[in-house]
Every structure is written in structure tokens, then in C-alpha cells.
Amino acid sequence: MTTEHDALREQLGRIGAWTFAFDAQPADTVRAQVGELETLGYRAIWVPEGSSSRDVFAHLSLLLSATSRMTVASGIANITARQPEVMAQGGRTISDAYPGRAVLGIGVGHEYSTESRGIAWDRPLARMRDYLERMDATPWGWAPGTPVARLLAALGDGMLHLSRERAMGAHSYFVPVEHTNHARAELGPEPVLAVELTAVIEPDPVLAREVARGWAVHYLELPNYAKNLLRHGFDDADVDGRGSDRLIDATIAWGDVDAIAARIREHLDAGADHVCVQFISSKDGDVCLPAYRELAAVMFAG
């Protein structure tokens, strides 16, 4: 019997794309680029809601209207950006308009973004639990036939457990394979685990690590990412500054396309149901379509 979790796994596929770059592009360019990703065979596209991002529901709607079968997912919709009733009705609206094609990834965000909105950074797990309860208590003005699938941004055990209890599973970000293995053990076999993997198509280790560090340095400044890495075999010297070679190599895949494909398979073997690949380069706003073309030729052949 196919469960709702199995249906979500099928909806996402094994490999998807994840990008910040659409936020730096006009809508017409976004339409063309996401259309090519769909044509290449990517089953899902993930987009963020950072401080300079589009409103995530407007962004998801743009991507849904530009594609015909691709799943669009928020990675993540921030709970401090909108009231739980608004989040609930936003998810219902896109699910009603595009049944079975949206995934609502929800996250508690970070201390700096939370406090910038005038909200105290306190007890994030409890705040998320309360937020989900208020979402689920929101009255329905109509009933879409396909409720929107919900995943929680989760790194630590508490949020992973909440993802198992109150969502369809978890979305992890900037993690080594060891975290994927741990997350699967904490979630158990049924919940969906969607893992973001940042990647650089560059065989030269010096150049590849330079691009990777330029991307990673911001995340290493954020306590939740640094603490998560410390829980999974790294030490203070690894997470300090721009990150050690060991940390960069474990969290960001680099090399030729076969090396990227090998890291994807490692995450899948460790328990990920879906790996969403975020290619990066030294250029701001670069969607890295050539890299996605190379990966598609390897992963979707046949």
C-alpha cells in the first residue's frame, strides 16, 4: 500500500535542484531557467526565503506557473515572516491551485532575522511547536483535495523529532553525510528526509575550496549550523573562520560531475529520500545551468 510519505517521495524524486540565484533574476529569466531544469529531468526545485528573497508564496506561484509537472518547495518559509494563519492559508492556496505539486518547507529561521523582526530569539523548538498547532487550528474557507505536504527545516534531534510528529519529514541544509545517517536514525523509516547538497563543478582543489568557502563563511557564523557540525565530528578549529579543508570537503561536494554524483549517492545510501543539489560558482546570481546539465546527463541517463 502506498502511504502519503511514499507519495511525497515519488513527488520529489531522488534528485532535485536548490537555488538562491532566482532571487537575483527578473521573472522572465526565472521562467526560462526553471523551465529548462524541468526539461532536464529535475523533479523538484527548492527556493529560499532569505532577507533579500522574494516572498516565498509569490515565488512558489511564479515557479508553478512556469512549469507543468515540477514540484516546487520552500527551503524554507520562515515562521517569523508571517502569522501561522497566513502560512496555513498560503499553503492551502497553492495546493488548491496546483494539486500535488507544492511542498511547504517551514523553518524557525535564525537569531539575527528573528530579532530584526522584533521577535525575541527564545525557545525555538517550543515556538515552532506552538506555530504548527496554530497553523493546524486555522479554519478552512474551502478544502483543497490535496493538502500541501509539510516538511520542517531540522538539524538537531528536537526538531527532527518534531518533523516526525507534526510534519511529513525534514529538510536539512549544509550537512555532512554523517548527519544524514543520524537524521534517518532519529526520524525512523517512514518520514521523508530531503537533504540539500551544495556543490562546485571544479576539479582544482584550491579553486573549488575558495568558491566553497566564500559560500560557507556566512553559515559558519550562524550558531545553529556551527553547533550541528560540532555534534558530528568537527571541532572548534574546523568551524572557525572560513572552515577547515576537512569541514569544507565533508559538507560541500566539489570536483567533476562524477564526484558530485558520488556524493549524492552517499547521502541517498545514508538515508536521504531526496537530495536537492545547489550548484554555486564565484559569480553572484549564477544559477549554474551548465552544471545542472552535466549532472542530468549522468544521473538521468536511461
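**A chat about helices and aromatic rings**

Student: Hi! Where is glutamine 11 found?

Tutor: Glutamine 11 is found in helix 1, residues 4–12. Helices here are DSSP runs of H or I with at least four residues, strands are E runs of at least two, and both are numbered from the N terminus. This is a predicted model, in which local features need pLDDT of at least 70 and side-chain atom pairs count only at pLDDT 80 or more, while totals for chains, interfaces and linings use all residues. Residues are numbered from 1 along each chain as its sequence is written, and side-chain values use heavy atoms, with hydrogens and water left out.

Student: Is glutamine 11 buried or exposed?

Tutor: Glutamine 11 counts as buried, at 18% relative accessibility. Buried means under 20% relative accessible area, exposed means over 50%, and partly exposed is in between (1.4 Å probe, protein chains only).

Student: And what is glutamine 11 in contact with?

Tutor: Leaving aside neighbours within four places in sequence, glutamine 11 is in contact with Arg43, Thr71, Gly100, Arg101, Ala102 and Val103. Contact means heavy atoms within 4.5 Å.

Student: Switching to helix pairs: at what angle do helix 2 and helix 14 pack?

Tutor: Helix 2 (residues 27–40) and helix 14 (residues 289–299) pack at about 10°, with their axes 10 Å apart. Axes are lines fitted to C-alpha atoms, for helices over the stretch in contact, and angles run from 0 to 180 degrees between N-to-C directions. Helix 2 and helix 14 are therefore roughly parallel to each other. The cut-offs are under 35 degrees for roughly parallel, over 145 for roughly antiparallel, 65 to 115 for roughly perpendicular, and oblique for the rest.

Student: Which residues meet there?

Tutor: From helix 2, Gln33, Glu36, Leu37 and Leu40 meet Leu289, Tyr292, Arg293 and Ala296 in helix 14. By class, this contact of helix 2 with helix 14 has five nonpolar, one polar and two charged residues. Ala, Val, Leu, Ile, Met, Phe, Trp, Tyr, Cys and Pro count as nonpolar, Asp, Glu, Lys and Arg as charged, and the others, Gly among them, as polar.

Student: What about helix 3 and helix 4?

Tutor: Helix 3 (residues 56–66) and helix 4 (residues 84–97) pack at about 5°, and their axes are 11 Å apart. That makes helix 3 roughly parallel to helix 4. Phe57, Leu60, Ser61 and Leu64 of helix 3 make the contact with Met87, Gly90, Gly91 and Ile94 of helix 4. The residues of this contact divide into five nonpolar, three polar and no charged.

Student: New topic, rings! How many aromatic pairs are there?

Tutor: The count comes to 13 aromatic pairs. Rings of Phe, Tyr and Trp (its six-membered ring) pair if their centres lie within 6.5 Å; planes under 30 degrees apart count as stacked, over 60 as edge-to-face and the rest as tilted. One of the pairs joins tyrosine 173 and tyrosine 219, with ring centres 5.3 Å apart and planes at 50°, so the pair is tilted.

Student: Where do tyrosine 173 and tyrosine 219 lie?

Tutor: Tyrosine 173 lies in the loop between strand 7 (169–172) and helix 8 (177–187), and tyrosine 219 in helix 9 (residues 205–220), so the pair ties together parts that are 46 residues apart in sequence. Tyrosine 173 is buried, with a relative accessible area of 8%.

Student: Which residues form the aromatic cluster?

Tutor: Trp18, Phe20, Tyr173, Phe174, Trp215, Tyr219 and Tyr225 form one aromatic cluster.
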